[in-house]
Amino acid sequence: MTESTPSTPTAPSLDLSALEDVTTVACVGAGTIGGGWAAYFLARGFTVKVWDPAPDAAERLGRLVDAAWPALRQLDMVDGAAEDAWTVHADLAEAVDGAGFVQESAPEDLAMKRRLLADVDAVTPPDVVVGSSTSGFGMTEMAAEVDHPERFVVGHPFNPPYLIPLVEVVGGESTAAEAVDWAAAFYTRLGKSVIRMDQEVPGFIANRLQEALWREALHMVDHGEATVEQIDRSITEGPGLRWPMQGPMLTFHLAGGEGGMAHMLDHFGPSLKSPWTRLDAPELTPQLRDAVVAGSDQAADGRGVAELIAERDAGIIAIRKLSAEARAPADADDGAAAPTPDAGP
Ligand SMILES: NC(=O)c1ccc[n+]([C@@H]2O[C@H](COP(=O)([O-])OP(=O)(O)OC[C@H]3O[C@@H](n4cnc5c(N)ncnc54)[C@H](O)[C@@H]3O)[C@@H](O)[C@H]2O)c1
């Protein structure tokens, strides 16, 4: 999770570009995540070339960038950037031509990712690093059909990628350490907060933690123990308020009072044996699915997706600004905008 991934003995060395020479990025797949990446790359001053087989891909991307731009502007991240510096291409080879980095964000389907990464590999010069947005597959399994696995890395973002700083970066068994280093440096230069993992773990870090919460929430709905609304409020009005400042570990350090984590563990250690969690996922029956969908519609209370996205984005912007201010009052403006505010080509 830190310094370097051990290089595999067989990984050929790569002739990678200097980060500042990358001015064009290709986004392969431009839905919620690929489109969000595209908006972020544009804001950081890159030219973005897109390949997405959906006939309405360009219209959807236009709507997504239009919605993201005001949010990015509020974080002072679009100065000098061109909102319209993107093109959608009918041909994959054309889309990656001239790109110094490729971000793949196609649907989470292993067979599809394998085929797609092999196609990307075939048309992209072998020294260009390719990052995948996968939520949980390892690069070892995704790169099974490529000829140049050494340049393929996972670069896992969080929705919306134009506002959430975290990117988890990890290679597969055949990824060259220098490609993982390069990707981590590239995302950092863009202003992302990078966690560079040394080991492939299904779901990486944050999704393993989110999934534990999600599985328990589904169990509680399934058993009639809590409604969708109660589950959401238990976090937004409860522990969620602490998380922008301190993660789950430091939060529990403070739960131990002056005795810190040591007292917390000694005090609440026995609770670890209590039946406070089930963790194994429940069976997603049609009844459970319907209950969760109906509860979510009720919680949305007539607000459509675009309205909820605008509300979410405004909230994330406010929280980023406030938590940066609370951490470091002296440089609140810089901290809220991005860890590396001058990133871009
Ligand atoms: N949605 C999230 O919260 C989230 C968060 C982090 C990572 N991810 C990951 O990002 C990736 C994309 O997820 P999403 O939520 O944007 O999905 P999505 O359904 O919104 O978008 C997928 C896009 O890929 C396009 N597509 C379909 N087949 C393709 C192909 N063969 N090649 C290229 N593009 C193709 C679709 O037309 C669509 O535009 C997945 O790997 C997912 O696990 C999603």
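View 1. The residues of the shell around the ligand divide into 12 nonpolar, 10 polar and 2 charged, where Ala, Val, Leu, Ile, Met, Phe, Trp, Tyr, Cys and Pro count as nonpolar, Asp, Glu, Lys and Arg as charged, and the others, Gly among them, as polar. In total 24 residues surround the ligand, and the closest are Gly29, Gly31, Ile33, Ala54 and Ser135; a residue is near the ligand if its C-beta atom, placed from the backbone, lies within 6 Å of it. Helices α1 and α4 (110-123) each supply at least two residues of this shell, and α1 gives the most, with 3 residues. Helices (H or I, at least four residues) and strands (E, at least two) are DSSP runs, numbered from the N terminus. Because this is a predicted model, local features need pLDDT of at least 70 and side-chain atom pairs count only at pLDDT 80 or more, while totals for chains, interfaces and linings use all residues. Residues are numbered from 1 along each chain as its sequence is written.

View 2. One of the buried residues is Ala38, which, leaving aside neighbours within four places in sequence, is in contact with Cys27, Ala30, Val48, Val50, Leu61, Val65 and Trp86; contact requires C-beta atoms, placed from the backbone, within 7 Å. After α1 comes Gly45, whose phi is positive, near 95°.

**View 3. Thr140 in helix α5 (residues 139-142).** Thr140 counts as partly exposed because it has 15 C-beta neighbours inside 10 Å. Not counting residues up to four places away in sequence, Thr140 touches Gly172, Glu173 and Glu200, and its C-alpha atom is separated by 9.3 Å from that of Val153, 13 residues apart along the chain.

View 4. Over residues 1-9 the pLDDT is below 50, and over residues 332-342 pLDDT stays under 50. Where pLDDT is low, the predicted coordinates should not be read in detail.

How values were computed: Two residues are in contact if their C-beta atoms, placed from the backbone, lie within 7 Å. A residue is buried if 20 or more other C-beta atoms lie within 10 Å of its own, exposed if 12 or fewer, and partly exposed in between; C-beta atoms are placed from the backbone. pLDDT is the predictor's confidence in each residue, from 0 to 100.
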